[in-house]
Amino acid sequence: MAGRVDLDGNPIKPMTICMIGAGGFIGSHLCEKLMSETEHKVLAVDVYSDKIKHLLEPASLPWAGRIQFHRLNIKNDSRLEGLIKMADLTINLAAICTPADYNTRPLDTIYSNFIDALPVVKYCSENGKRLIHFSTCEVYGKTIGSFLPKDSQLRQDPAYYVLKEDTSPCIFGSIEKQRWSYACAKQLIERLIYAEGAENGLEFTIVRPFNWIGPRMDFIPGIDGPSEGVPRVLACFSNNLLRREPLKLVDGGQSQRTFVYIKDAIEAVHLMIENPARANGQIFNVGNPNNEVTVRQLAEMMTEVYAKVSGEPPLEAATIDVSSKEFYGEGYDDSDKRIPDMTIINKQLGWNPKTSLWDLLDSTLTYQHRTYAEAIRKAISKPVAS
Ligand SMILES: NC(=O)c1ccc[n+]([C@@H]2O[C@H](COP(=O)([O-])OP(=O)(O)OC[C@H]3O[C@@H](n4cnc5c(N)ncnc54)[C@H](O)[C@@H]3O)[C@@H](O)[C@H]2O)c1
């Protein structure tokens with residue numbers, strides 16, 4: 001670890017990082033990386049710590065003393081400013097970020113992604129602290145290509161669908177389509193951060209994740225989360241596979257997505273943390289344009305990989321179609337396609353994703369099977385109380 005240098009050959013000095021939302025999926029992987037490969041200290045802020053408890057105890061862990069957990073809700077806790085002041089850098093990951101909530105809990109979604117993030121931005125700006133803020137690829141909304149006639153040749157032209165940080169527009173649906181509450185709140189906080197940079201000199205980096213997936217993402221309903229909960233697509237499909245149920249395809253599973261392995265994406269964040277001169281003032285797409293599939297293809301590949309991992313043959317009817325209204329309720333809508341342009345992150349940080357979709361599903365489903373299969377088997381075999 002000693003003698004590590006940044007991309008310009010300068011020695012990397014240990015820093016204190018206030019990580020808000022550290023107990024979530026991305027936060028847990030980022031904490032792991034920072035503990036095992038750097039000398040930085042983390043003030044881990046969250047309302048939950050389950051996903052990082054393996055990093056917090058026992059006291060004999062090699063990084064003990066470099067990570068402190070602060071259980072607090074940033075909505076209403078006066079300790080937040082003190083923690084930001086103690087740190088050199090703040091990373092804000094806290095958010096409601098599950099599509100099932102965007103149209104059913106739009107107020108919570110807007111408050112979480114905009115209002116609750118405001119004090120974080122304000123304290124960083126007022127105290128001259130650097131901020132890495134997590135936004136989303138959803139800020140792009142729909143592609144320009146989706147408005148062209150179905151048979152238009154232009155639909156094949158990348159200019160109409162590849163998403164670029166500095167030139168692509170943000171195209172959302174009507175206000176009745178409450179699905180866009182999340183994307184719109186994220187867009188407004190991005191604009192505010194950008195304006196704080198321009199007017200008050202805030203040193204910021206904005207991250208737009210494109211479907212990062214891997215172990216510890218969300219929860220399995222009824223096992224380590226509410227039975228009626230609807231997590232993001234990876235955990236939804238994993239839950240179906242573990243329970244030997246058909247995978248539910250919303251509106252035919254025609255949306256196209258690119259998936260990146262969490263460990264590749266964390267490398268990109270690590271580079272941002274340690275290369276402020278290259279990352280400040282930037283908005284970065286972080287995704288894997290080579291791993292593009294429709295959600296239907298994702299379901300088929302997960303079914304195949306899970307059969308290999310579990311040794312159980314797949315169901316004969318592996319998927320079933322459901323309407324978005326039935327699955328998500330009124331006000332749902334979706335982006336058609338999301339391919340990140342990688343020019344900026346490649347130029348500034350030299351980062352490229354490495355892991356293929358098959359390999360990342362293999363390692364993630366191996367984890368899901370090892371972690372949940374037994375608990376699900378017991379839950380299913382338990383007699384229902386009359
Ligand atoms: N995973 C992805 O592919 C992806 C895609 C797009 C955007 N993002 C963004 O990245 C960030 C992290 O995503 P994730 O996948 O790790 O989500 P996550 O839900 O696993 O983690 C978010 C964490 O924030 C915490 N949190 C929320 N509100 C809080 C509050 N008021 N006070 C304290 N803690 C609070 C939650 O308890 C949770 O542990 C989010 O901002 C999300 O919008 C992620």
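A: Two residues are taken to be in contact if their C-beta atoms, placed from the backbone, lie within 7 Å. The model is a predicted one. By that criterion, the contact of helix H11 with helix H14 involves Met301, Met302, Val305, Tyr306, Val309 and Ser310 on the H11 side. On the H14 side, the partners are Leu357, Trp358, Leu361, Asp362, Leu365, Thr366, His369 and Ala373. Sorted by class, the residues of this contact are ten nonpolar, three polar and one charged.

The geometry of the pair is as follows. H11 covers residues 295-310 and H14 covers residues 357-381; their axes lie 9 Å apart and the helices pack at an angle of about 55°. H11 is therefore oblique to H14. The crossing in which H11 passes H14 is right-handed.

The axes of H1 and helix H9 (residues 262-274) come within 10 Å and cross at roughly 60°. Here too the crossing, that of H1 past H9, is right-handed. H1 contributes His29, Leu30 and Lys33 to the contact, while H9 contributes Ile262, Lys263, Ile266, Val269 and His270. The classes in the contact of H1 with H9 are four nonpolar, two polar and two charged residues.

The UniProt record, an unreviewed entry, places the feature "domain: NAD-dependent epimerase/dehydratase" at residues 17-287. In the model, this span is 34% helix and 18% strand, and its end C-alpha atoms lie 24 Å apart.

Two details of the backbone complete the account. Most residues other than glycine have a negative phi, and most peptide bonds are trans. The peptide bond from glutamate 57 to proline 58, however, is cis, with omega near 5°. Proline 58 belongs to the loop between helix H2 (53-56) and strand E3 (67-71). Arginine 216, although not a glycine, has a positive phi of about 70°. This arginine 216 is found in the loop between strand E8 (212-213) and helix H8 (233-242).

Methods:
Residues are numbered from 1 along each chain as its sequence is written. This is a predicted model: local features need pLDDT of at least 70, side-chain atom pairs count only at pLDDT 80 or more; totals for chains, interfaces and linings use all residues. Axes are lines fitted to C-alpha atoms, for helices over the stretch in contact, and angles run from 0 to 180 degrees between N-to-C directions. Helices (H or I, at least four residues) and strands (E, at least two) are DSSP runs, numbered from the N terminus. Angles under 35 degrees count as roughly parallel, over 145 as roughly antiparallel, 65 to 115 as roughly perpendicular and the rest as oblique. A crossing is left-handed if the near helix is turned anticlockwise from the far one by less than a right angle, and right-handed if clockwise. Ala, Val, Leu, Ile, Met, Phe, Trp, Tyr, Cys and Pro count as nonpolar, Asp, Glu, Lys and Arg as charged, and the others, Gly among them, as polar. UniProt positions are given in the numbering used here, feature names are shortened, and annotations may be inferred rather than shown by experiment.
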